[in-house]
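Here is a briefing on a single chain and its fold. The sequence and structure come first, and the notes follow by topic.

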Amino acid sequence: MKTGHEKIQKQISEEILRYGEPVLRSDAFRAAYHQTHHLKGNLADHILNVTIEGVNLCRRLQKKKIDVDERTVVLACLCHDLGMVGRDEKYESRLKSWKQHPEESLKQAKEICPDLDEKASLAIITHMWPIAGKAPRTREGRIVLAADKYASMIDWISFVKGKPWQQEIKEAVRKGGWMD
Ligand SMILES: [Fe+2]
Ligand SMILES: [Fe+2]
């Protein structure tokens, strides 16, 4: 018998896999496993950490009766840093990569998901505020911003692997077994 927490964790994992499938299957996302990111991590794991935090935040807001579009948050989180794949070849400097990758991430996101909605597009473009771009003005954009900042802080502090259920979904995505 699953506890309430375990049920929620299972739902979060399933939503990431269901909404995010086209991104998780994409060449850009698979290439993110070979891109270093934040000290010793890889970009794909960072993207998944952000997505897990993003859905967690959605759930916490929904508990307070605040309506948020989880599909938009999942897709925006999964695509927010795809523009960082091939960072050293694409951008002249670290500073330029920070400023320019949101646009590049959006380009990749639209190639993978041609029906990407406006809210998801805006959330991708505004996720680097205040380092680059404008501040997000939608709920979903603010969630992606907060999830990215939180996950990045954890990366920089210690690169903790996350709770066992979080490691489980990251491992399942990495192996691609769920694609069968
Ligand atoms: Fe970013
Ligand atoms: Fe990020």
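Ile124 is buried, with 32 other C-beta atoms within 10 Å. A residue is buried if 20 or more other C-beta atoms lie within 10 Å of its own, exposed if 12 or fewer, and partly exposed in between, with C-beta atoms placed from the backbone. This is a predicted model, in which local features need pLDDT of at least 70, side-chain atom pairs count only at pLDDT 80 or more, and totals for chains, interfaces and linings use all residues. Residues are numbered from 1 along each chain as its sequence is written, and chains are lettered from A and ligands numbered from 1 in the order in which they are written.

**Around Ile124**

- Ile124 sits in helix α7.
- Setting aside neighbours within four places in sequence, Ile124 is in contact with Ala76, Cys79, His80, Pro102, Ser105, Leu106 and Ala109.
- Two residues are in contact if their C-beta atoms, placed from the backbone, lie within 7 Å.
- Glu89 is 35 residues from Ile124 along the chain, and their C-alpha atoms are separated by 21 Å.

**Overall fold**

- The chain has 9 helices and 2 strands.
- Helices (H or I, at least four residues) and strands (E, at least two) are DSSP runs, numbered from the N terminus.
- Their order along the sequence is α-α-β-β-α-α-α-α-α-α-α.
- A compact globule of 180 residues would have a radius of gyration near 16 Å, and the 15 Å of the chain agrees.
- That radius is taken over C-alpha atoms, and the globule rule is 2.2 Å times the number of residues to the power 0.38.
- Along the principal axes, the C-alpha atoms fill a box of roughly 55 × 35 × 35 Å.
- Of the 180 residues, 38% count as buried.
- Among contacts between residues at least 6 apart in sequence, 63% join residues at least 24 apart.

**Helix α7**

- In α7, 6 of the 8 residues are buried, so the helix is largely enclosed by the rest of the structure.
- These buried residues are Lys119, Ala120, Leu122, Ala123, Ile124 and Ile125.
- Their cover includes α4, α6 and α8 (139–157).

- Helix α6 covers residues 94–112; at 1.5 Å a residue, its 19 residues should span 27 Å, and its end C-alpha atoms are 26 Å apart, which agrees.
- The expected span of a helix is 1.5 Å times one less than its number of residues.
- At Gln100, shortly before the proline Pro102, α6 has a kink of about 45°.
- The bend at a residue is the angle between axes fitted to the seven residues ending there and the seven starting there.
- Buried in α6 are His101, Pro102, Glu104, Ser105, Leu106, Gln108 and Ala109.
- The buried residues of α6 pack against α2 (27–31), α4 (70–79), α5 (87–90) and α7 (118–125).
- The α6 and α7 axes come within 8 Å and cross at roughly 150°.
- Axes are lines fitted to C-alpha atoms, for helices over the stretch in contact, and angles run from 0 to 180 degrees between N-to-C directions.
- The two helices α6 and α7 are therefore roughly antiparallel to each other.
- Angles under 35 degrees count as roughly parallel, over 145 as roughly antiparallel, 65 to 115 as roughly perpendicular and the rest as oblique.
- On the α6 side, Pro102, Ser105, Leu106 and Ala109 meet Ser121, Ile124 and Ile125 of α7.

**Helix α1**

- Helix α1 (residues 4–25) has 22 residues and reaches 30 Å from its first C-alpha to its last, close to the expected 32 Å.
- A bend of about 60° lies at Tyr19 in α1, and the proline Pro22 follows within four residues.
- Gln9, Ile12, Ser13, Ile16, Tyr19, Gly20, Val23 and Leu24 are buried in α1.
- Cover for the buried residues of α1 includes α2, α3, α4, α6 and α9 (164–175).

- Ala31 belongs to helix α2.
- Ala31 is partly exposed, with 14 other C-beta atoms within 10 Å.
- Lys65 lies in the loop between α3 (43–63) and α4.
- Lys65 counts as exposed, with 6 C-beta neighbours inside 10 Å.
- Phi of Lys65 is near 65°, a positive value in a residue other than glycine.
- Most residues other than glycine have a negative phi, and most peptide bonds are trans.
- Trp129 and Pro130 are joined by a cis peptide bond, with omega about 5°.
- Pro130 is in the loop between α7 and α8.
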